Amino acid sequence: MKHNKLTRWAALILAAALTLSLTACGGAGGSSSAGSASASQSAPASAITLTDQAGRQVELDAPADTLVSCYYVTTYATMALGISDRVVGLEKKADTRPIYAMAAPDLLEKEQVGTMKELDLEAVAVLEPDLVVMPKKLMDYAAPLEELGIPVLVVNPESHEALTGMLELLGQACGVEDRAQALTDYYEEQLARVAQLVDGLERPTVYMGGNSSYLTAAPGDMYQSSLIETAGGVNAAADLTGGYWTEVSYESILAMAPQVILIPADYTAQDILGDPQLAAVPAVQSGAVYEMPSGIEEWDSPIPSGILGTLWMTSVLHGDAYPFDTFTADVQDFYKTFYGFEIDPALITK
């Protein structure tokens with residue numbers, strides 16, 4: 001499913017650069033949380049028409065055999081869907097993602113085409129992919145690529161619903177609907193299981209530190225807050241506003257008085273336990289400070305394995321109802337089933 005466009009890509013990329021400079025402050029219109037797909041009645045039987053998560057219509061002549069993934073979340077999704085071998089280009093800094101070396105080392109040899117801030121249109125065009133998958137933050141690049149005849153699927157997996165919607169879209173775009181359905185079914189089954197496990201249990205107050213500093217917290221509208229609530233906790237920072245890690249003071253943390261502190265970052269529990277300004281925090285006094293495993297994937301993020309973040313929190317907060325040994329077995333089963341490799345249990349920590 002190649003496109004006869006390379007004779008004009010240079011001029012189009014120049015035009016794209018001008019367009020991007022004019023629209024950089026204007027943003028992009030249209031939104032959709034989950035996306036949808038349907039077959040065009042007038043198109044060939046193998047043709048696919050999708051509505052992506054920016055509300056755009058995307059047309060494919062057939063399921064995509066080659067992909068460029070501009071976003072680690074979508075690259076992770078190709079592994080979970082069993083189609084990472086179709087990836088011909090991906091996001092930069094791939095070598096910082098441990099899961100690639102574990103599950104799909106060939107990805108580390110692929111062309112790296114951009115970041116969440118910019119995309120190398122020339123590099124993408126030379127690869128001639130059947131489909132480019134990009135986050136909504138990069139969607140200003142969609143029109144220039146489509147001018148080259150390269151279909152673009154925009155995704156925005158910033159909630160559980162949108163994450164499963166993204167997986168369904170990729171499954172439809174690549175002809176692996178059954179695989180996507182199995183993954184989304186697993187999600188729903190585990191969410192129902194967790195709800196049953198924590199039903200009627202006392203909910204501890206939980207503070208979740210940010211990626212770069214424990215003086216940032218997850219506000220109530222952030223994806224991480226939903227993980228805490230689903231796992232049977234109460235987000236100590238739920239009253240904060242915003243959709244990203246929000247700065248807080250020591251005084252604020254003391255006032256929140258969390259019973260448990262969770263860390264999804266590179267700093268350690270000892271950093272918090274050894275901070276004298278946090279000595280009066282209940283979680284510090286009881287030693288209830290836990291580090292989410294960082295040597296596999298970012299389980300606190302909206303990624304295909306993100307359900308494991310919910311399960312990890314459930315085991316940490318309610319170990320009697322969901323023992324950590326059971327969680328460890330569930331993680332091993334997940335990676336064997338969806339990623340096709342055996343995870344080292346030593347990486348599954350708290």
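Helices (H or I, at least four residues) and strands (E, at least two) are DSSP runs, numbered from the N terminus. Two strands pair if DSSP finds at least two bridges between them. This is a predicted model, where local features need pLDDT of at least 70, side-chain atom pairs count only at pLDDT 80 or more, and totals for chains, interfaces and linings use all residues. Residues are numbered from 1 along each chain as its sequence is written, and side-chain values use heavy atoms, leaving out hydrogens and water.

**Stop one: the sheet**

Select the 5 strands of the open sheet, in the order β6-β5-β4-β7-β8. Their pairing is parallel. At the edges are β6 (111–112) and β8 (152–155), each pairing on one side only.

Now pick β4 (residues 67–69) and β7 (residues 131–135), which pair over 3 bridges. Leu67 stands opposite Leu131 in β7.

Touching is contact, meaning heavy atoms within 4.5 Å. Axes are lines fitted to C-alpha atoms, for helices over the stretch in contact, and angles run from 0 to 180 degrees between N-to-C directions.

**Stop two: a helix pair**

Select α7 (residues 177–198) and α12 (residues 307–317). They pack at about 15°, with axes 10 Å apart. That makes α7 roughly parallel to α12, as angles under 35 degrees count as such. Show the side chains: Tyr186 and Leu191 are among the α7 residues that meet α12, whose partners include Ile307 and Leu311.

Conventions
Angles under 35 degrees count as roughly parallel, over 145 as roughly antiparallel, 65 to 115 as roughly perpendicular and the rest as oblique.
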